[in-house]
Amino acid sequence: ERKKIGVLVLSYGTPESLDQIEEYYTHIRHGRPPTPEQLEELKARYEAIVGGFFPLRRNTDKQVEGLQETLKREHADVDYVCYQGLKHARPYIEDGVEQMAKDGIREAVGVVLAPHYSTMSVGAYTKRAKETADKLGIAMTFVNEYHLHPKLLQALSERVEASLAAFPGGTARGDIRVIFSAHSLPEKILELGDPYQQQLLETAKAVADKAGVTNWQFAWQSAGQTATPWLGPDILDVLRTIRNEENVTSVLMCPIGFVSDHLEVLYDIDIECKSLAAELGMRLERTESLNTDPLYMETLSDVVHRQARSSG
Ligand code: FEC
C-alpha cells in the first residue's frame with residue numbers, strides 16, 4: 001500500500017458573510033472585540049471590494065484543490081491528502097489537524113500560503129499546528145519558506161512583464177516605478193532577528209532581475225493600528241513621495257507577500273492606492289495575484305514533497 005501523508009495547507013481565513021465579521025475581527029485581535037466604529041469600518045471595506053462577498057474563501061478552496069491535483073500528478077508514489085487549517089476562521093488550524101487524526105493520518109507536512117517566514121506570521125501558524133499534532137500523535141514537520149523557489153520567481157516575473165506591457169504605448173518601461181509590497185509587521189521583529197524583511201527583499205530583487213526591471217523599490221502595506229511602530233515606509237506615503245519628489249507618474253504595484261485576491265489586495269491596493277494615485281495624477285496598475293497559477297501549485301507541490309522526503 002502507498003504511504004499516506006497528510007498535507008495541512010495553512011491560510012489566513014476570511015469571514016463567510018457580513019455577520020461573521022465581528023467574530024473574525026475579535027479573533028484577529030486576540031479575543032478583544034472591536035469597537036462599533038472599528039467594526040463598521042471593516043464591514044465597509046468588505047462591502048467595497050465585492051458587495052459583501054468574500055473571495056478569499058473560494059480562492060483558498062481552489063488553491064488547496066489545485067495543490068491536491070498537482071501532488072497526485074507529480075508524486076503518484078505517495079498518497080498525499082490535503083487538509084485546510086485557517087488562522088482566524090473555520091476550519092481553524094486545530095480543526096484541520098484533528099480531522100487528519102480522525103482519518104488515521106500519522107505523518108504530515110504543513111505549508112503556509114505565504115512564501116516568506118516571520119515568527120509573527122508563518123511561525124504563528126506552524127506553532128499552533130505543531131502543538132495540536134504533538135497532542136494527537138501525528139509526526140508533523142513544516143515548510144518554513146519558499147520565497148526563492150524558481151517556479152515562484154518565474155510566475156511573479158511573468159506577471160510583472162505582462163503588466164508592464166499593458167501600460168499605454170509611449171510609456172517608456174524605465175519610467176514605470178515597480179513597487180514590491182508585503183504586509184507590514186511591528187518593527188520589533190527586526191530586533192528579534194526575524195528573516196521576514198530580508199526574504200522579501202530577496203524575492204523583490206530576484207523578480208526584478210528576472211524581469212529586467214531596474215526602476216523598483218520595496219514598500220510595506222496594511223499596517224495595523226496599534227500603539228507600537230510598524231515597518232515602513234507605507235505604500236501610501238511612498239506614492240506621495242515619488243510623485244512629489246521624483247515626478248513619477250506610472251506605477252506598477254506587485255504585492256509579492258500575498259498569493260491570493262483578498263481584502264489587502266482588492267481594497268488596500270485596488271481601491272485605496274488607486275484612488276490616491278488618481279488624486280496625485282498618476283497611473284497605477286497591479287500585477288495579477290497568483291491564485292491557482294500552475295507554477296504556484298507546482299511550487300507548493302515541490303516544497304511539500306521535499307519536506308516529506310527529508311523528514312520521512
Ligand atoms: O480577505 C480577507 O478576508 C483577509 C485579508 C487579510 C490577509 C491578511 C494577511 C496578513 N495579516 C498579517 C498580519 C496582521 C496583523 C494584524 C492584522 C490585522 C488584520 C485585520 C484584517 C486583516 N488583518 Fe492581517 N490580513 C487580512 C485581514 N493582520 C481585516 C484587522 C483590521 C485591520 O487592522 O485592518 C494586527 C492584529 C493586531 O492588532 O494585533 C499583525 C500578515 C499577513 C500576511 C501573511 C499571511 O497571509 O499570513 C503578516 C490576507
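Because the model is predicted, local features are reported only at pLDDT of at least 70 and side-chain atom pairs only at pLDDT 80 or more, whereas totals for chains, interfaces and linings use all residues. Residues are numbered from 1 along each chain as its sequence is written.

The protein contains twelve helices and eight strands, these being DSSP runs numbered from the N terminus (helices H or I, at least four residues; strands E, at least two). Its radius of gyration, 20 Å, is close to the 20 Å that the globule rule gives for 312 residues, so the protein is as compact as a globular protein of that length; the radius is taken over C-alpha atoms, and the rule is 2.2 Å times the number of residues to the power 0.38. Along the principal axes, the C-alpha atoms fill a box of roughly 65 × 45 × 40 Å.

Helix H6 (residues 150-165) packs against helix H12 (residues 294-311) at an angle of about 160°, with the axes 8 Å apart; the axes are lines fitted to C-alpha atoms over the stretch in contact, and angles run from 0 to 180 degrees between N-to-C directions. The contact is made by Lys151, Leu152, Gln154 and Ala155 of H6 together with Leu295, Tyr296, Glu298 and Thr299 of H12, where contact requires C-beta atoms, placed from the backbone, within 7 Å.

Two cis peptide bonds are described here. One joins arginine 90 and proline 91, with omega about -5°, and proline 91 lies in the loop between strand S2 (78-86) and helix H4 (93-102). Another runs from glycine 232 to proline 233, with omega near 5°, and proline 233 belongs to the loop between strand S6 (216-221) and helix H9 (235-246).

Serine 222, also found in the loop between S6 and H9, has a positive phi of about 60° although it is not a glycine, and is buried, with 21 other C-beta atoms within 10 Å. Asparagine 247, in the loop between H9 and strand S7 (250-254), likewise has a positive phi, near 55°, but is exposed, with 9 other C-beta atoms within 10 Å.

Key: Contact = placed C-beta atoms within 7 Å. Buried ≥ 20, exposed ≤ 12 C-beta atoms within 10 Å, placed from the backbone.
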